[in-house]
Amino acid sequence: MELEAAAQFAQMGKFIGAGLPTMGLGGAGVGVGIIAGNFLSGALRNPSAAPGQMANLFVGIAFAEALGIFSFLIALLLMFAV
Amino acid sequence: MSEEASTGFAIHPMDQFIVKPLFGGDHIAFYTVTNVTMWMAIAVVVIAVLLVLGTRRRAIVPSRSQSVAELMYGFIHNMVEEVTGHEGVKYFPYVMTLFLFILFSNLLGLLPMSFTTTSHVAVTVVLALMVFLGVTILGFVKNGIGFLGMFWVTSAPLAIRPVLALIEVISYFVRPVSHSIRLAGNLMAGHAVIKVIAGFATLVVASPVVIGAVTALYGLELLVAVVQAYVFTILTCVYLRDAVGGAHH
């Protein structure tokens with residue numbers, strides 16, 4: 001009985017732990033938003049320079065987003081691997 | 001805890017990523033033909049057919065398949081030349097191969113009942129490690145030991161250079177990790193979200209909303225498939241620039 005309670009407690013900890021990394025998605029959202037927003041405000045000031053910076057925009061977004069994906073990975077690891 | 005109780009979905013959203021042998025048995029060895037192998041082969045065949053058909057006639061006024069092939073070729077060629085400079089153009093065939101393989105794997109994965117090969121880290125990590133090892137070897141071949149100068153930021157004050165060097169080294173070795181996880185994570189998350197939303201369709205009241213939501217998400221996934229292929233290739237070009245262009249510039 002006590003063992004079962006301990007197992008359920010561990011299960012609960014696992015689910016809480018898997019849920020916590022979703023907060024990392026907020027950080028990725030802020031990062032991507034800042035990049036896209038700054039790109040847009042720059043592009044509206046100087047529209048002729050905007051097409052040449054599309055590659056930089058996507059690279060910046062990819063770098064910011066990677067960290068959000070890492071937190072998703074940790075959630076997956078806690079759910080299915082640990 | 002039983003499986004049914006833990007999810008509550010009729011179709012588990014992660015079931016679509018299970019690797020199954022095509023011909024009998026559950027045993028998977030390195031030579032087993034699985035659904036991953038099949039869909040990778042289909043992607044290669046589709047690319048070959050598109051490019052062979054597209055370049056067969058070579059008309060002045062291009063047909064539809066020819067203009068698709070030409071547009072992709074021109075797009076990637078421009079990207080390689082712009083990002084890596086003139087020196088990097090000779091690595092264009094490799095970058096083009098990577099782009100086409102990832103793009104078509106992503107797009108074929110969006111077909112209903114198909115399998116997304118690029119949603120598996122095992123697939124993308126091979127692609128990313130090839131780029132990482134290739135770039136590292138190329139950098140040492142081209143610049144000799146001077147390639148290590150990439151980690152020694154000469155534009156920074158001397159006092160903080162060792163700290164920066166440490167950070168640079170760490171970020172260099174994290175590259176293949178983020179390079180592969182980004183592609184696999186995006187694809188896996190997107191496809192799982194579609195399945196989770198589709199799972200709500202068992203509730204009759206919600207089903208019209210679900211159909212709309214799945215259609216919208218499908219459009220988003222189409223965008224993600226193309227953008228992630230683009231991002232993977234452009235990051236390959238960025239890494240390649242370090243190798244062929246030497247240190248920071």
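1. What percentage of the contacts in chain A with a separation of 6 or more comes from residues 24 or more positions apart? The share is 88%, where a contact means two C-beta atoms, placed from the backbone, within 7 Å of each other.

2. A word on conventions. This is a predicted model, in which local features need pLDDT of at least 70 and side-chain atom pairs count only at pLDDT 80 or more, while totals for chains, interfaces and linings use all residues. Residues are numbered from 1 along each chain as its sequence is written, and chains are lettered from A and ligands numbered from 1 in the order in which they are written.

3. Chain A has 3 helices and 0 strands, with helices (H or I, at least four residues) and strands (E, at least two) taken as DSSP runs numbered from the N terminus. Its C-alpha trace spans about 70 × 20 × 10 Å along the principal axes. The radius of gyration of chain A is 20 Å, whereas a compact globule of 82 residues would have one near 12 Å; the value is taken over C-alpha atoms, and the globule rule is 2.2 Å times the number of residues to the power 0.38. Of the 82 residues, 7% count as buried (20 or more other C-beta atoms within 10 Å of the residue's own; exposed is 12 or fewer, partly exposed in between).

4. A:Gly17 sits in helix α1 (residues 2–19) of chain A. A:Gly17 is partly exposed because 15 other C-beta atoms lie within 10 Å. Its C-alpha atom is separated by 31 Å from that of A:Phe58, 41 residues apart along the chain.

5. Chain B has 7 helices and 0 strands. Its C-alpha trace spans about 65 × 60 × 40 Å along the principal axes, and 26% of its 249 residues count as buried. Of the contacts in chain B with a separation of 6 or more, 64% come from residues 24 or more positions apart.

6. Now to where the chains meet. Chain A brings 11 residues to the contact and chain B brings 15. On the chain A side, helix α3 (residues 54–81) gives the most, with 10 residues. By class, that side has 9 nonpolar, 1 polar and 1 charged residues (Ala, Val, Leu, Ile, Met, Phe, Trp, Tyr, Cys and Pro count as nonpolar, Asp, Glu, Lys and Arg as charged, and the others, Gly among them, as polar).

7. The largest nonpolar core has 39 residues, and B:Phe99, B:Ile102, B:Ala229, B:Ile234 and B:Cys237 touch the most other members. Such a core is a set of buried Ala, Val, Leu, Ile, Met, Phe, Trp, Tyr and Cys residues joined through C-beta atoms within 7 Å. The elements giving two or more residues include α3 of chain A and α2 (35–56) of chain B, while α7(B) provides the largest share, 11 residues. Beyond its neighbours within four places in sequence, B:Ile102 is in contact with B:Thr118, B:Leu183, B:Ala229 and B:Phe232.

8. The axes of α6(B) and α7(B) come within 9 Å and cross at roughly 175 degrees, which makes the two helices roughly antiparallel. Axes are lines fitted to C-alpha atoms, for helices over the stretch in contact, with angles from 0 to 180 degrees between N-to-C directions; over 145 degrees counts as roughly antiparallel. The residues of this contact divide into 15 nonpolar, 4 polar and 2 charged. Among them, B:Leu183 and B:Leu187 are on the α6(B) side, with B:Leu217 and B:Phe232 on the α7(B) side.

Note on methods. Parallel < 35°, antiparallel > 145°, perpendicular 65-115°, else oblique.
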